[in-house]
Amino acid sequence: MSRLLIGLVRLYQRLISPLFPPTCRYHPTCSNYMIEALNKHGLKGFLMGLARIGRCHPFVEGGEDPVPDHFSLKRNKQESE
């Protein structure tokens, strides 16, 4: 199931995403976050990706938000070094 979801995200990255200007607020992008979360956490990663997309709106600060090692639906904000 994870492979199917990753394939759908890759299809989005290749066919739909290039039609719009880059507007990513986070690094990694939401689609890359979804793929990494699916690889790391399986189907729970899908929920993490959906939560990330839900956090992406004009009033958010954005910035670094890597996939956490443990399942969480909250932002994994990195502190500046």
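Contact here means heavy atoms within 4.5 Å. With that in hand, let's walk through this predicted model, starting with an arginine.

**Arg-52 and its surroundings**

Arg-52 belongs to helix H3, which spans residues 43-55. Its relative accessibility is 0%, so Arg-52 counts as buried. Leaving aside residues up to four places away in sequence, Arg-52 touches Tyr-26, His-27, Pro-28, Thr-29, Cys-30, Tyr-33 and Asp-65. With Asp-65 there is also a polar contact, side chain to side chain, at 3.0 Å.

**The nonpolar core**

Which residues form the largest nonpolar core? Six do: Leu-5, Ile-6, Val-9, Met-34, Ile-35 and Leu-38. At least two residues of this core come from helix H1 (2-16), and at least two from helix H2 (30-41). Val-9, one of the core residues, touches Ser-31, Met-34 and Ile-35 when residues up to four places away in sequence are not counted.

**The cysteines**

If you are wondering about disulfides, a search of the whole structure finds zero. Cys-24 is in none, and its nearest cysteine sulfur belongs to Cys-30. For Cys-30, the closest cysteine sulfur is in Cys-56.

| Cysteine | Nearest cysteine sulfur | Distance |
|---|---|---|
| Cys-24 | Cys-30 | 6.7 Å |
| Cys-30 | Cys-56 | 4.4 Å |

Is Cys-24 buried or exposed? With a relative accessible area of 53%, Cys-24 is exposed, whereas Arg-52 is buried.

Definitions and conventions:
Residues are numbered from 1 along each chain as its sequence is written. This is a predicted model: local features need pLDDT of at least 70, side-chain atom pairs count only at pLDDT 80 or more; totals for chains, interfaces and linings use all residues. Side-chain values use heavy atoms; hydrogens and water are left out. A nonpolar core is a set of buried Ala, Val, Leu, Ile, Met, Phe, Trp, Tyr and Cys residues joined through side-chain atoms within 4.5 Å. Buried means under 20% relative accessible area, exposed over 50%, partly exposed in between (1.4 Å probe, protein chains only). Helices (H or I, at least four residues) and strands (E, at least two) are DSSP runs, numbered from the N terminus. A polar contact is a pair of N or O atoms within 3.5 Å; within protein, one must be able to donate a hydrogen and the other to accept it, and residues adjacent in sequence count only if both atoms are side-chain atoms. A disulfide is a pair of cysteine sulfur atoms within 2.5 Å.
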